[in-house]
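Colleague: I have a model open and would like to go through it with you. Can we take it piece by piece?
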Amino acid sequence: MRNITLSQAVNEALAEEMRRDETVFIIGEDVAEAGTPFKVLSGLVEEFGTERVVDTPIAEPGFMGIAVGAAMTGSRPVVDLMFGDFIYLIMDQLCNQAAKTHYMSGGKLSVPLVLRTNLGATRRSAAQHSQSLHALVAHIPGLKVAMPSSAYEAKGLMKTAIRDNNPVVIFEDKLMYNDKAPVPEEEFLIPFGEANIKREGADITLIGTSSMVQVCEKAAEILAKEGIEAEVIDPRTIVPLDEAALLKSAKKTSRVIVVDEGHQSFGITGEIASRINEKAFYHLDAPVLRMGAMDVPVPFSPALEDITVPTPEAVAENARKLMSGEMIHAA
Amino acid sequence: MAKAKTNTEDYLRMYRQMVRIRTFEDNANQLYLSAKMPGLTHMYSGEEAVAVGICEALTKDDKITSTHRGHGHCVAKGAEFKEMFCELLGKEEGYCRGKGGSMHIADQSNGNLGANAIVGGSMGIATGAAFTSKLLGKQDVTVCFFGDGATAQGLMYEVMNMAALWNLPVIYACENNGYSEYTKTEEIAAGSITARAEAFGIEAHQVDGQDVLAVNALTQKLVERARKGEGPFFMELMTYRYHGHHVGDINREYYRSKDEEKDWKENKDPIIRFRSWLVEEGIASEDEIEAMNEEIKKDASDAVEYALNAKYPDESEVDMHVFTDIPHALLRDTA
């Protein structure tokens, strides 16, 4: 199978869906000739024209609102939000309008739109261009949230998102755009709500999202050398969440670490840990451990930034502690 | 009054629609005052010529977005009393199965994309509906209703800018009723309202919002031009809200005098004005008009009676319609 970058995978998914369905269009800042600052969309405007690859002024609430109205009336917009940090700017249109329209109208109106944005620190971009804010939107009923962990997921989840009749937010890790992975030539979709077991193991479960899946896989390699067999699971979408797959693994291994790049407090790691505690309590041999980003704004200095996010070494170290029983009375 | 249509049926339908709005609101207010309606609601009474003058210039396929003060837009765009009262009372047969209520009534069968409880919140939606129309080569035009208070929201400037850049078929209809909730408009809006649109190169008109024919004549022209790709347009409709900000805003002399209200109700009422014109022009007799009023009153009280006795949605509906493809959002697989 060929290897392509995550960036190419997203580009292919959009091009394929735009060829298939003429109601699909892209809207956002510098999406056309510039192809976004990350060059993810390069070439699309040449094929689809400026009517369907629409450059906007720097007006996030405005183009998000336009996308909501377009989606309600028969179009399928893919909104390009240049940085995930700008979600704060569009919260009303996303959370009060897009997320609630189907419910408030008793199921009569729907908002089939995709919001493409990104997450991830360690790009030396400081506190307003480095956040991982997926927990904010996952908290709002009515929004689906996808978190691709490689080029393969990025393509398959994007195609599913565009065909979904609900608002879907996709967070790509901006540090992974040039990472290559095997992606089939032929068409494929990845269903929402189906976790992927990346590595099987009997001793401990490592649940990771987005780039934290790679962190978990590297931690599993470290642990394997020490005779600890870790199971690595990628939920792929956090809304809907494949709770069954996570619980099954937790019951099998009896020890779980949840790793995510959002801030640790009130975040995805706490939500998943809590569900496992509620539904697999008697199967656990240790508390479910959360590993998120530090609860600090992302600092600029590399010396500081690098210590704010989970690393394979830190995950492996916590796994050893869970295995040895050290964490049971840690509190 | 300005003359717009020459068809007697059109005039009578405009009158009828204005009276239907007023009658709907009188009944809604009574439901609130008699504690039969959950929550609050915002009365459109006094502004009828705006919604009717505009919606009578639209086709069924044309879209509107509405506001928290939205019953008038909903009726004018073709909604039925029964489904509207059911929605106000949270009943299953309401337009939104009781999930939206007064501030979220949507009636997509008539092109009403919904009321919106965020002031200015629907401006993006209206502009997006116009975007779809252009993208997919449709003919429909979208009218975005909003109040003077919403001109203070930043979203309006972002979407007017894009609508003007892209020549979208949208008409921004600012209902200036003189008050932004409990504050006079002059205290919240610096400069001119129409100049806000003109800054983007959008043709803007101010019109007497109490004159249904003037509103209708202007809207017809703008809709026709918007269909030809000459949009967007902006209208400032000078009107008045008879009630307070909402039905519970009863003691309001601290921001608005009773004399002022009396003057608008007695001297500038859009229904009284149009009724006199209909009689003067020999389009309808006083008796015919009275008969029409009585028929509408009966329709409304029948609908209220029906809605009061209608059933609430089943509790199982609470987690339905969160997503389009998940019948019950809270039924998770618990392994």
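This is a predicted model: local features need pLDDT of at least 70, side-chain atom pairs count only at pLDDT 80 or more; totals for chains, interfaces and linings use all residues.

Colleague: How many residues of chain A are in contact with chain B?
Modeller: 42 residues of chain A are in contact with 38 residues of chain B. Two residues are in contact if their C-beta atoms, placed from the backbone, lie within 7 Å.

Colleague: Which elements of chain A give two or more residues to that side?
Modeller: They are helix H3 (60-72), helix H4 (91-98), helix H5 (101-104) and helix H9 (243-253) of chain A. H3(A) gives the most, with 11 residues. Helices (H or I, at least four residues) and strands (E, at least two) are DSSP runs, numbered from the N terminus.

Colleague: And how do the residues on that side of chain A divide?
Modeller: The side of chain A that touches chain B has 17 nonpolar, 19 polar and 6 charged residues. Ala, Val, Leu, Ile, Met, Phe, Trp, Tyr, Cys and Pro count as nonpolar, Asp, Glu, Lys and Arg as charged, and the others, Gly among them, as polar.

Colleague: Back to H9(A). Which of its residues are buried?
Modeller: In H9(A), the buried residues are A:Ala245, A:Leu246, A:Leu247, A:Ser249, A:Ala250 and A:Thr253. A residue is buried if 20 or more other C-beta atoms lie within 10 Å of its own, exposed if 12 or fewer, and partly exposed in between, with C-beta atoms placed from the backbone.

Colleague: What do those buried residues pack against?
Modeller: They pack against strand E10 (204-208), strand E11 (230-234), strand E13 (256-263) and helix H10 (268-280) of chain A. Just after H9(A), A:Ser254 takes a positive phi of about 70°.

Colleague: New topic. Which domains is chain A divided into?
Modeller: Chain A has domain 1 (3-182) and domain 2 (196-324); the bounds come from an automatic or database domain assignment. The C-alpha centres of the two domains of chain A lie 26 Å apart. Their contact takes 26 residues from domain 1 of chain A and 23 residues from domain 2 of chain A.

Colleague: What is the strand order in the chain A sheet?
Modeller: 7 strands of chain A form an open sheet in the order E3-E2-E4-E5-E7-E6-E12, with mixed pairing. Two strands pair if DSSP finds at least two bridges between them.

Colleague: Why do E3(A) and E12(A) have one side without a neighbour in the sheet?
Modeller: Strand E3 (53-55) and strand E12 (237-239) of chain A stand at the edges, each with a single partner strand, so one side of each has no neighbour in the sheet. For E3(A), 3 bridges join it to strand E2 (residues 24-28) of chain A, and the two run parallel. A:Ile27 stands opposite A:Val54 in E3(A).

Colleague: Now chain B. How many helices and strands are there?
Modeller: There are 12 helices and 7 strands in chain B. Buried residues make up 53% of the 335 residues in chain B.

Colleague: What order do the strands of its sheet take?
Modeller: 5 strands of chain B form an open sheet in the order E1-E2-E3-E7-E6, and the pairing is parallel. E2(B) and E3(B) pair over 6 bridges, and the bridge partner of B:Val143 in E3(B) is B:Ile171.

Colleague: Is E3(B) mostly covered or mostly open? How many of its residues are buried?
Modeller: E3(B) is mostly covered, with 7 of its 7 residues buried. B:Val170, B:Tyr172, B:Cys174 and B:Asn176 are on one side, and B:Ile171, B:Ala173 and B:Glu175 are on the other.

Terms used: Residues are numbered from 1 along each chain as its sequence is written. Chains are lettered from A and ligands numbered from 1 in the order in which they are written.
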